[in-house]
Amino acid sequence: MSIRVVGLQKKLGGNHIVRDVSFEVRPGELVALLGPSGSGKSTVLRMIAGLETVDAGEVWLEDRRVDTLDVRERNVGFVFQHYALFRHMTVGDNIAFGLQVRGVSADKREARVRELCQLMGLSGLADRLPAQLSGGQRQRVALARALAPQPSLLLLDEPFGAVDAKVREELRRWLRRLHDEVHTTSLFVTHDQEEAFAVADRVMILSQGQLEQADTPEGILDRPATEFVARFVGDVNVLHAVAADGVALLGGLRVPSETAGAVHVVVRAYDLKLWRAADGAAGHATVRRVLPLGDRVRVEAVLDDGQSFHAQFPRRSSLLHGVEPGGRVEVEITTSRVFPARS
Amino acid sequence: MKPFAPLRWLVLAWVGALVLLPLAATVAAAGALGFRGLVDAVTAPAAVEALWLSAWTGCIATLINVPFGTAIAWMIVRWRVAGHRWLSALVDLPLSIPTLVVGILLVALYGPASPLGGVLEAAGVRVAYARPGIVLALLAVTLPFVVRAVEPVLAELDPAEEEAAVTLGARPAQVFWRVLLPPLLPAMGAGGVQVFARSVAEFGSLSVVSGNILGETLVAPVYVLGEVEAGNPGGAAAVSVVLLAVSLTLHPLSRALSRAAGAGHV
Amino acid sequence: MSDRWVRRWVIGLVLAYLGAILVVPLFSLLSVVVGAPDRAIDGLLRPEAIDALTRTLTVTAVVVVGNVTMGVAAAWLVVRDPMRGRAALDALLDLPLAVSPVMTGLSLLLLFGRNGWLASPLSSMGVVVPFQWPAILLATLFVTLPFTAREVILVLRELGTSQEEAAATLGATGWQTFWRVTLPNLRSAVALGATLTAARALGEFGAVLVVGGAIRGRTQTATTFIHTAMEERQEEAAYAMSLVLAFLAILLLAALTALGRPRRSP
C-alpha cells in the first residue's frame, strides 16, 4: 500500500513543528525519515498513524484519505521507541493482542503467534514476560506485535534507539531481511544516518519541520540538494569563499562554483587529498595535528587564508608519508558542493 | 561507618520502653486469662458482634475507596484536571486532620440537629449515630491510602503502551480493561489492604459518629474502651490482641503487594 | 466523543463523593460555628478549654523534639549501623501504625497501672503515670514514633553511602560527616516527619483518653475536651474546638504540601 502525504502541518503553542511536508512512499518500499532531534520527523510519523491530529494537509493510504479517521480504522502497525510492550502480558499475549481485540478466534491467534515467533526468532519465548527479555528480543516482540494483525503499513519510531550499538547493527540487518520477506510498506524514523543509509531504499531528510531532500542513499550522498543536507550527511568541512567567473578561491585552491559572490564550500573529509609539499614548493596549508583514530588517521590543517579543515585517510595510506605537525602540504579537493552563503 | 555504642543503647531503650514493653504487657494480660478465658472473652456475644461490625464496615469502606481512590489518582496523574493540586491537598487532609474531628464534621452535617440530618431523619434515613455514619467516617479517614498507592504506579506507566493498544485496534474500553488497569491491580490491592487495616483499628471518628449502641453500632475498638471502663482489662486485652493480629497479618501483605506494584514505598 | 462523557461522569461522581465525606461536612461545621459566634467564643474561652489546648500544644512541642531526634537516630541505625537485629528495629518502628489507639492506651495502662510491671518501681520513686500528665506524653510518643523514622529511612536508603565515604576520604570524622554531609541531605525528610508528627500529636485521641482519663485540669487535651463537651451536650464548645484543630491541621497540611507529598515512591 502506498502512502501519500500532502502539505502536512502541525503547530504546537504557536510554533510550527511540521510545516508543509509532502512526500510519497511507494508500495513495498522501506523508507527512512532522517533528521536531527526536533526536526519534526516523529510528529510526521505519528500524524500518519493518527496518534497526533493534523492541523492542515492530507494523508492518503492508497486511494483512501485517512487524516480524519480514528487510529483504529487506519490499520497501521506502529513500533515504539521504547517498545511499549504490555508488561503484564506474556510475549504470546502481547503478539496476539491486536488479533484478540478484533475478535479473531483463539486457534487462528495461536497459529499466527507461532508463525511470527518463528519468523522473528522468538520461538520458545512465548510464555516469558517482557521484563525477562533482552533489549533486542523486546524490540523483535514489538515488531511481531505490530505485524500480527497484518497491517497495510508499518511505522517505526526510532526502532533501534534503545538498544546498544552491537545489537543495533544486528537488528538493522535483520529488519532489512525481514522487509525483503514480508514486503509491508514501511516508514521508519531515525536520527542516525548510518542506520538510514544501511537499511532504507530511500531516505527523506527533514529539518525544522521541512523536507530537505528525498532520494536514494547514493543520491543523497552524491547530490545533496541543500547545504543542510550536505552538512548533515557525513563528516564535512564548511569553508567560506568568494566566487566569481565560475570559480571559488580558497587560499591558493580553486573550486568550481556555479554561483557568484559569498559562498560556502562543503567538502567531505574523505573527498580531500593532501601530501607533503616537495622542498621548494609553496604548498597550500600547514598541518596542525595528526590524530590516529583506530584504522583511520585524521589530519587537521590550516589553509593559507586562515581557515582550518580536516581530512581522513586509511591508516596505511601512502599520502601520509612525511605529513607531520608544522609541515607544509599540498591540497587537492576531489569533490565539493558550493552553496550561496545565506546570512 | 563506625558503630557508636551509646547511641545504639539509647535508641533501643527508647523504642523498647515505648513500644515493646507496653504491647508485651497487653499480650501478657490476655495470656493471663488462659486459653479458655481468652476464647470466652473473644467469643462473648458483644465482642463477636463488635468484631463482626468492624469487619464488614471495613469491607464496605475498602470496596468503595478502591475504585474512588483509583479514579482520584487518575484525575490527578492522567487527566491533570483543573485544580488537581487542590484535589491532591484535599486527599492529604485526613492525614493531618484529627480523626475525632472527622467524626465531629460528619455529625455537624448529618447529625439530627443539622438541617440535612433533619431532612434525612424525616425520610426515615439515619446517618449519624447509625451504621451509614460508620462507613462514611471510615471512607473519610482512609481516603489517602488507595490514591497514594496508585499514583506513583500510574505516573510511571508509559503512555506509549496505551497508544500501542490503540494502533493495534483496541476500543477505549478494551484499552482500559486490558492494558491500563492490570498493571494497577497490585497497587490497588496494597491500598485496599491498608484501608481495611486502618478501618478495623479506627477509633476517634467512630467514637463520635457511631453512637456506640451495643449490638447496633458498637465497633471493636470502642468495645475495647467499654471493657476498660467497665473494669475488665483482661477482656479488653483479648479483643485488642485479635485486632493487633489482624493488622500484623495485613501489614506484610500490603508491603508485598506494593513491592509487586513496583512502587518502592510501604 | 464518548471518552469525554466518561470523563465528565467520573469527575462528577468523584467530586460528589469528596463533597459528601469531607468538603460539605467541613463547611457545615464552619457554618454552625460562624452562625453562633458568641457561643463558640464563650466555649473556647472557658478556662478548661484554654487549659486543654495549652496542654495539647505543650505535649506536641515536646513530642516533636523527642521523636524527631530519636527518629533520626533510629533511622540511622536501621540503615547504616552494622548491628545485628536492625531488621527487627525497622519492624518495631512500624509497629505503632498497626496498633489501634485504644490498644495503645490500654497497653500503657496495663504496664504502668495497678499491678503493672513498672507500677511498683515507679511509685517507690514517687512517679505515677496513669491519669497523670506523663500518661499523655507517653501515649503521644508511642503513636508518633514511626513518622520521622520512616521518612528518614527512605531518604537514607536512597542516598547511599558514597557521599559519606567521600567525606571520610577527605579526613572528616564520624560526627563531622554526620553534621556536615548526612544531616543536610535529610533536611526535608526531617521537616516532613516533624510535620506529620505534629499533626498526629495534635489530633491523638483514643490513646490519651484511655490512659489519661480526660480529667479536667490534669489530663484533658483538646481532643478529649471535644469528646467531653459532646457528651455533656455542649455542641458549640465541641464544634469551636474542632474548628481550631481543623484550622491547625490545614496549616500543617499546607506545610506538608509545600514539603512535597508524604511517602512518594523514590
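Predicted model: local features only at pLDDT ≥ 70, side-chain atom pairs only at ≥ 80, totals over all residues.
Together, strand 16 and strand 17 of chain A make a hairpin with two residues between them. In the turn sits G294(A), whose phi is positive, at about 70°.

Strand 17 of chain A also pairs with strand 18 of chain A, again in an antiparallel manner, through seven bridges. Here V302(A) has S308(A), in strand 18 of chain A, as its bridge partner. These two strands likewise form a hairpin, with four residues between the strands, and G306(A) takes a positive phi near 95°.

Further along chain A comes a loop between strand 18 (308-314) and strand 19 (328-333), and H321(A) lies in this loop. Is H321(A) buried or exposed? H321(A) counts as exposed, because it has 9 C-beta neighbours inside 10 Å, and a residue is called exposed at 12 or fewer. From H321(A) to R254(A) the separation is 67 residues in sequence, and their C-alpha atoms are 25 Å apart in space.

Turning to how the chains meet, two pairs of chains are in contact, and chains B and C share the most contacts. To this contact chain B brings 66 residues and chain C brings 74 residues. On the side of chain B that touches chain C, helix 1 (residues 5-31) of chain B gives the most, with 14 residues. By class, that side of chain B holds 52 nonpolar, ten polar and four charged residues. Chain A and chain C, in turn, do not touch, and 12 Å separates their nearest C-alpha atoms.

The axes of helix 5 (residues 101-112) and helix 7 (residues 133-159) of chain C come within 10 Å and cross at roughly 130°. The two helices of chain C, helix 5 and helix 7, are therefore oblique to each other, and helix 5 of chain C passes helix 7 of chain C in a right-handed crossing. Where they meet, helix 5 of chain C contributes P101(C), T104(C), G105(C) and L108(C), while helix 7 of chain C contributes A135(C), L138(C), A139(C), F142(C) and V143(C). The contact of these two helices of chain C has seven nonpolar residues, two polar ones and no charged residues.

Conventions: Residues numbered from 1 in each chain as written. Chains lettered and ligands numbered in written order. Contact = placed C-beta atoms within 7 Å. Nonpolar A, V, L, I, M, F, W, Y, C, P; charged D, E, K, R; others polar. Buried ≥ 20, exposed ≤ 12 C-beta atoms within 10 Å, placed from the backbone. Pairing = 2+ DSSP bridges. Axes fitted to C-alpha atoms, helices over the stretch in contact; angles between N-to-C directions. Parallel < 35°, antiparallel > 145°, perpendicular 65-115°, else oblique. Left-handed = near helix turned anticlockwise from the far one by under 90°.
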